[in-house]
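Work through the exercises below with the sequence and the coordinates at hand. Each task is followed by a solution in steps.

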Amino acid sequence: MYVSLNGSLTGGKPAWPEFARLAARTGFGGVDVNLGAAMKEGLDATRALFDELKIKASNAGLPVPFSRDEEAFQTGLKKLDEAAQFSGAIHCPTMLGILPPASATPKTELRKILKDRLTAIAGILQRSKVRLALEFLGPLHFRTGQPHEFIWRMDEALEFAKECGPNIGLLLDVWHWYHAGATAADILAAGSSRIFHVHLSDCVKLEPEQVRDNQRVLPGEGVIDLTGFLQALQKIGYRDGVSPEPLGRIPKEMAPEEGARLGLEATLAVMRKAGVA
């Protein structure tokens, strides 16, 4: 496991490629890649950047809005092969996408639509040896915000991912893992072959109705069993990135370098406590 710099620690600043330089300068082992900005810089420049910095290209966002309307999906899909080739060429193994926890569309109907779309995405990504990690969203306010619940439990998200393609797995965000009621046993059941990336934060004690996504705290500041979470990842042989994502915790006025160091130190502290660093 290595720690990857996430923009939630820096207020979305600085811009790429200085963001990657900040990750290396502050001691991160990897960086969350701004794929669009990196592609504008060009393949040769981006390869040279990672060769210089000696850090990993951990993950990038999937540039296809697969849960929106058909026109938006098809427009994004046409550009995916180029993005996948670029991602593979810079050794960025994983793209990230989000499963809707609820929808205006009935679950059975939406499941078929998204399965068809994700299967198409998986085929394109596989040609460049890129994986897709799907994030499930656990808090109550996400799954009750639309008329029909969709997929928000870890075990169901895993089952759905497996149906969509051999290179589709999970983005395991400990915040959503906790609020979805998942356990270490769910991590052991998933195995490392289907967990592709990890987001780390923490949560203070709240009633389910009180939880909002921007109430996260730094790893170690809350009540989530991060030791059990991380040790379960170690047991399955997880070797990919861990991105600290304490949404709402880093003050807007904090300097990006200070936020990056704060997130890295907190993450390494809980990893050492769990015996995985």
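**Exercise 1.** State the volume of the second largest pocket, then give its lining residues and their classes.

Step 1. The second largest pocket holds about 160 Å³ of space. A pocket is an open set of points on a 1 Å grid over the protein atoms alone, where a 1.4 Å probe fits and protein lies on both sides within 12 Å along at least five of seven lines. Grid points are joined across faces, edges and corners, and the volume is the space filled by probe spheres set on the points.

Step 2. The model is predicted: local features need pLDDT of at least 70, side-chain atom pairs count only at pLDDT 80 or more, and totals for chains, interfaces and linings use all residues. Residues are numbered from 1 along each chain as its sequence is written, and side-chain values use heavy atoms, with hydrogens and water left out.

Step 3. The lining (residues with an atom within 4 Å of a point) consists of Pro 139, Leu 140, Arg 143, Tyr 178, His 179, Cys 203, Val 204, Lys 205, Leu 206, Glu 207, Pro 208 and Val 211. Helix H6 (140-143) and helix H8 (174-179) are the elements that give two or more residues to this lining. Helices (H or I, at least four residues) and strands (E, at least two) are DSSP runs, numbered from the N terminus.

Step 4. Sorted by class, this lining has eight nonpolar, one polar and three charged residues. Here Ala, Val, Leu, Ile, Met, Phe, Trp, Tyr, Cys and Pro count as nonpolar, Asp, Glu, Lys and Arg as charged, and the others, Gly among them, as polar.

**Exercise 2.** Describe the largest pocket by volume, central residues and contributing strands.

Step 1. Its volume is about 480 Å³. Among the 29 residues that line the largest pocket, Asn 6, Asp 32, Asn 59, Leu 96 and Glu 245 are the closest to its centre.

Step 2. At least two lining residues come from each of strand E2 (30-33), strand E3 (56-61), strand E4 (94-98) and strand E8 (168-173).

Step 3. The class count for the largest pocket is 13 nonpolar, 10 polar and six charged residues.

**Exercise 3.** Find the strands joined to E1 and the direction in which they run.

Step 1. E1 runs parallel to strand E10 (residues 241-244), with two bridges between them; pairing requires at least two DSSP bridges. Tyr 2 has Gly 241 as its bridge partner in E10.

Step 2. E1 and E2 are also parallel and joined by two bridges, with Ser 4 opposite Gly 30.

Step 3. Tyr 2 and Ser 4 point one way from E1, Val 3 and Leu 5 the other way, and all are buried.

**Exercise 4.** Is Lys 13 buried or partly exposed?

Step 1. Lys 13 sits in the loop between E1 and H1.

Step 2. Lys 13 is partly exposed because its relative accessible area is 48%.

Step 3. Beyond four places in sequence, Lys 13 touches Phe 19 and Pro 256, where contact means heavy atoms within 4.5 Å.

Terms used. Buried means under 20% relative accessible area, exposed over 50%, partly exposed in between (1.4 Å probe, protein chains only).
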